[in-house]
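Here is a short report on a two-chain model. Look over the sequence and the fold, then read on.

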Amino acid sequence: MQRYEIRLAGTGGQGQILAGIILAEAAAIYEGLNAVQSQSYGPESRGGASKAEVVISDGEIDYPKVTVPDFLLVMSKDAWGKYGQGIGSKTKILIDSTLVSIEQDSVPEGTRLYKLPITGMAKDLGKEIVANIVALGAITAISGVVSRDAVEKAVLSRVPKGTEELNKKALSAGYDAAMSLVAVEE
Amino acid sequence: MKEPVVKLMQGNEACTEAALAAGCSFYAGYPITPSTEIAELMAERLPIYGGRFIQMEDEIASMAAVIGASLTGAKSLTATSGPGFSLKQENIGYASLTEVPVVVVNVQRVGPSTGMATSPAQGDVMQARWGTHGDHPIVVLAPSSVQETYEITIEAFNIAEELRVPVILLLDEVIGHMREKIVIPDKDSLKITNRKKTDARPEDFLPYKADEDGVPPMADFGTGYRTHVTGLFHDETGFPTGDPKKADALLRRLHEKLDKAKDRITLVEEIETEDADIVLFAYGSSARPALSALRQARELGIKVGLIKPITIWPFPEEVVDRVAKKAKTIIVPEMNLGQLIREVERASRGQADVIGLNRVDGELFKPEEILEKIKEVR
């Protein structure tokens, strides 16, 4: 596992930071990899474009922040405006198509754009608040950076008691939907 | 030995956990970004361990409270950031002259003044050394990862206890806030130092009579020993003196006790300096992009090394002097406009070119800009 950089961008309150922490914990605690997670601080983490970043590697992680993301999650229009720059020619972009509309012709050549109605799927499960976990399932499927099993363990150790089933469903929904996108691609 | 525990933790959390593992039982502070998590966690955790947490009215009082608590025998911690660090300075000097072991954390943010509360900087490097008045000795440690923050927080307590000095733990917003994988060592494997206690009878006790190592054994307040503590220059009894000879002896002893321990407490990591033409000198979070730049440069066949001081005061001048003999250029990336570079210049004694690379916009260096500088000076 070479160095892999993930940026989760959205609006403060969507749970990007928690998703980032869970992803980093899945890597560090359950996969035995190294991981660093950082995030935006200040008012933007409570509304406005905000981001969380995760760097995962099987080697030592020297630089702790994202330079050119291998993976970018976009869950708001503002976040695309603020964090859409700086993507590389190999960046995989996952957008929440419930909230953001980006077309393939507006992303750099070579980048791969995946669209899933993440917030809509969360609403269908009964709680919009699990959108971040739906996104996490999709990230896991598309990036392959950590196993689904590790992510599920990390989710269950972080979410409040009594919400385990809902979160497992959310993770599965995101994972399965993204897997079918990946399958079509292949 | 038990299995080590693997966690994902913020630097501030690691600092808290390590303080508890080192035996810290008292915290007084006034929360300030980006150090607040330390106060929050101490408030939560200390009572579980039978310790005490007090949120004081300000940073001046917090510093006074940790000094008082330490004199009763409690290992004591306070944490702050720039504006609060300024306020603590007077009492840091008091701890220095009265030889009270305390650990003061400064999670640096952009200054001067209120500055940028959520952005990292390294602007307090000289303040940590010289912020309080008088010709005082001080120990300042600057870790560059969450794992190191854990280990160095324990070291900070050990040095404070062993040498009866205030120790400044200089973090920055990047290190304090980022979450990183950490392997928490088994408690039994930790080396924990406790202060020397007096074995004199109460009637014979002289609170400032030092041993060979320059450190006077302590007696806890409230245990029947008379201990007089004053910010005035004092003799072995702890009472004020204006005798020039005694004043001279006191201040020299405070410095000498650190000099004697200098090799042990000056922690420096050297990475590939052996054959290096260009050496980076970087500490705290700046050491991370520096290490990345080193690796990229090596891949390009450029011989780059890194001096990563963990102890920045006392300054590791011997290492810089030795490396400067061989290297052509030393590059000093700092998130300030050039503070520790002056020490690098002094220690390298003209044997190598010393070049600064500076950022004061509240952003961590990117590896590429350090790499660019390396290519430029090659």
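Which residues touch the most other members of the largest nonpolar core? They are A:L23, A:V134, A:A138 and B:L280, in a core of 162 residues. Such a core is a set of buried Ala, Val, Leu, Ile, Met, Phe, Trp, Tyr and Cys residues joined through C-beta atoms within 7 Å. Buried means that 20 or more other C-beta atoms lie within 10 Å of the residue's own, with C-beta atoms placed from the backbone. Domain 1 and domain 3 of chain B both give residues to this core, so it lies between them.

This is a predicted model: local features need pLDDT of at least 70, side-chain atom pairs count only at pLDDT 80 or more, and totals for chains, interfaces and linings use all residues. Residues are numbered from 1 along each chain as its sequence is written, while chains are lettered from A and ligands numbered from 1 in the order in which they are written.

| Domain of chain B | Residues |
|---|---|
| domain 1 | 5-189 |
| domain 2 | 202-265 |
| domain 3 | 270-377 |

The C-alpha centres of domain 2 and domain 3 of chain B lie 39 Å apart.

Now the contacts between chains. 17 residues of chain A are in contact with 18 residues of chain B (C-beta atoms, placed from the backbone, within 7 Å). On chain A, α1 (16-30) and β2 (34-39) each supply at least two residues of the side that touches chain B. Helices (H or I, at least four residues) and strands (E, at least two) are DSSP runs, numbered from the N terminus.

Two bridges join β2(A) to β9 (residues 179-184) of chain B, and the strands run antiparallel. A:Q37 stands opposite B:R179 in β9(B).

Key
Domains from an automatic or database assignment. Buried ≥ 20, exposed ≤ 12 C-beta atoms within 10 Å, placed from the backbone. Contact = placed C-beta atoms within 7 Å. Pairing = 2+ DSSP bridges.
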